[in-house]
Amino acid sequence: AMGNWLVNHWFSAAVLAAWLGINIFLFTYYFLFFDRDERYFYTRAILGSALAWARASAKCLNFNSMLILLPVCRNLLSFLRGTCSCCRRTLRKQLDHNLTFHKLVAYALALLTAVHTIAHLFNLERYNQSQQATDSSLPAVLSKMHLQGSEWLNPIHSNQTTVEYVAFTTIPGLTGVIITLALILMVTSSTEFIRRNYFELFWYTHHLFLVYFAGLVIHGIAGLVRGQTEQSMAEVHPYDCAEYLTQREQNCTHSCCKDPEFGSIPAESWKWVLAPIILYVFERLLRVWRAQQKVVVKKVVMHPARVLELQMQKKGFCMEVGQYIFVNCPAISALEWHPFTLTSAPEEDFFSIHIRAAGDWTERLINTFQLETPRVEVDGPFGTASEDVFQYEVSMLVGAGIGVTPFASILKSIWYKFQQGDQTLKTKKIYFYWLCRDTGAFAWFNDLLASLEQKMAESGKADFLTYRLFLTGWDTSIANNVALHFDTATDTVTGLRHKTIFGRPMWNTEFAAVAAAHPRSVVGVFLCGPEALAKSLQKSCHQHSSLDPRKVKFYFNKENF
């Protein structure tokens, strides 16, 4: 199983290793540079190793800030997907891990921000102590240099200064506070729970990235952390002259009598983030342009349990199974774009989505469509096509909860290909497993299965699709109803020929039955559902695959929709 994972995810593993490697290299290189370089000898005399911690984390922050926008440039990813269409599909599929990488970089930014902030709190404390010191130690002498002339190394020039004062009155302090607050809000509002239940909160809070980047570019402009200039190094090298600073006579004639001169470290965050920001601006402009293209809503269907189906047409729109689109309704919100999996097949002359009430925006959209047909804007489609389903003689498709949505497109497409005698379709048999807590929100999917069931029966292909519905959340009223109608031809919960099974599937039994029915086939197992289910399916694939190459083999594919 590990070997199989490496084959499928080697590209992801390589990207991850490169990203980690560059972070480790940048941190180590700049830590040692600021910890040892002679130009920062005097700076280290005041700050100690906190200087190196602050500067090394700053470099890594710049690097990760450069990367954070790239995974969310959807059109850039689509372009890359298109240019590597000749590449192996596993490589293209890795581009669908873009949000995982985006989150990883965000967590790294949060960690590095903590390191950078703590290091600078130590630095401020040290600057303060050195300014207030009354002895003739090197930090104290260096901190008093501003009294003799224009030269200074310690940015704190008053004994009354506090850490809070510096944090809210200097450019680095204030921008640092703002950047950190923006980052905390973005990270905390992007948890799974908030994205699922309060998408608007996540959406608007995430636009604080504009504040983050503006603050980042300005952050280092004041140049509060300084080092000795090259010219001064040549004249009064600290290794030769540092001791003379603390014990200098009045009429000094020595070559070290001249005071060292200092210069600021130039701000360079803008160099790191300029290219990604330009790319992202182009991305947003392209989205605006694409959104202006007319979308015709052909049909509006209101399904039970407040599920809205929209059938649409758009010039030049070309989809594949398993892809998704972003939808905007200006009548509700000009800024909000929401992702929806496509539920139509590429063979149909329209594209469709099913929207269930799952938050303020979807509620308002459903209410609006019940009164009138507002204008909608569509961006996409995005994502790699789930064409692997067509490559297996036997496919086991597992949809859990909302994860059933992409299978609407897949099942319909397989049926069209099957009817048209498509040569690319190798599928001879499909086993479909549908797990859900209650069927209410998926009555539309029920209807789809019923119509497929009817079409297959009419063309004498009733055995092409075997499906099993597992109801994992049920109450006594359903159970009593089932007991009453146990001998009816159709199911009491769904009205389908195949009966509903209460509880969770026994995967060992299911896999054993498929292996017995297809002893010499290669079976593709496809899941769109939670991680825990993925683990148990992967285990079953491993257990039920025969070691004999001529016998049954199960291959697991987890889809990221």
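Buried, in this briefing, means under 20% relative accessible area. By that cut-off Cys-256, with a relative accessible area of 5%, is buried. What you're looking at is a predicted model, so take the details below as computed from that model.

**The cysteines**

- There's one disulfide in the structure, and Cys-241 and Cys-256 are the two residues it joins, with 2.0 Å from S to S.
- What does this link tie together? Cys-241 sits in helix α15 (residues 238-246), while Cys-256 is in the loop between α15 and β2 (262-264), so the bond holds together parts that are 15 residues apart in sequence.
- The link of Cys-241 and Cys-256 is left-handed, with -60° about the S-S bond.
- For background, a disulfide is a covalent bond between the sulfur atoms of two cysteines.
- Cys-60 is another buried cysteine, and its relative accessible area is 2%.

**An annotated domain**

- The UniProt record (an unreviewed entry) places a feature called "domain: FAD-binding FR-type" at residues 287-388.

- Three strands make an open, antiparallel sheet, in the order β3-β4-β7.
- The edges are taken by β3 (295-303) and β7 (351-356); each has a single partner strand, so one side of each has no neighbour in the sheet.
- On average, neighbouring strands here are turned by 20° against each other, direction ignored.
- Eight bridges link β3 with β4 (residues 307-314), in the antiparallel sense.
- One example of that pairing is Val-297, whose bridge partner in β4 is Met-312.
- Helix α17 (residues 360-371) lies across β3, β4 and β7, and α17 runs at about 115° to β7.

**A helix with a buried side**

- Which residues of α13 (residues 209-219) are buried? They are Phe-209, Tyr-212, Phe-213, Gly-215 and Leu-216.
- These residues cover an arc of only 165° around the axis, so they fall on the same side of α13.
- As a general rule, an α-helix has 3.6 residues a turn, so residues three or four places apart point the same way.
- The cover over the buried residues of α13 includes α3 (50-68), α6 (98-132), α10 (171-188), α12 and α16 (269-291).

**A well-covered strand**

- How many of the seven residues in β13 (residues 522-528) are buried? Six of them are, which leaves the strand mostly covered.
- β13 pairs with β9 (residues 394-400) in the parallel sense over six bridges, and Met-396 stands opposite Val-525 in β13.
- β13 also pairs with β14 (residues 553-558), again parallel and over six bridges; here Gly-524 has Tyr-555 in β14 as its bridge partner.
- In general, strands of a sheet pair through backbone hydrogen bonds, either parallel or antiparallel.

**Two single residues to look up**

- Is Thr-205 buried or exposed? Thr-205 counts as buried, at 13% relative accessibility.
- You'll find Thr-205 in helix α12 (residues 199-206).
- Leaving aside neighbours within four places in sequence, Thr-205 is in contact with Leu-185, Met-186 and Ser-189.
- Thr-205 and Val-187 are 18 residues apart in sequence, and their C-alpha atoms are 9.3 Å apart in space.
- Gln-423 belongs to the loop between α18 (405-419) and β10 (429-436), and at 74% relative accessibility Gln-423 counts as exposed.
- Gln-423 and Val-177 are 246 residues apart in sequence and 61 Å apart in space, C-alpha to C-alpha.

Technical notes. Residues numbered from 1 in each chain as written. Predicted model: local features only at pLDDT ≥ 70, side-chain atom pairs only at ≥ 80, totals over all residues. Heavy atoms only, no water. UniProt positions renumbered as here; feature names shortened; annotations may be inferred. Disulfide = S-S within 2.5 Å. Helix = DSSP H or I, 4+ residues; strand = E, 2+ residues; numbered from the N terminus. Buried < 20%, exposed > 50% of the residue type's maximum accessible area, 1.4 Å probe, protein only. Pairing = 2+ DSSP bridges. Axes fitted to C-alpha atoms, helices over the stretch in contact; angles between N-to-C directions. Contact = heavy atoms within 4.5 Å. Arc of directions from axis to C-beta.
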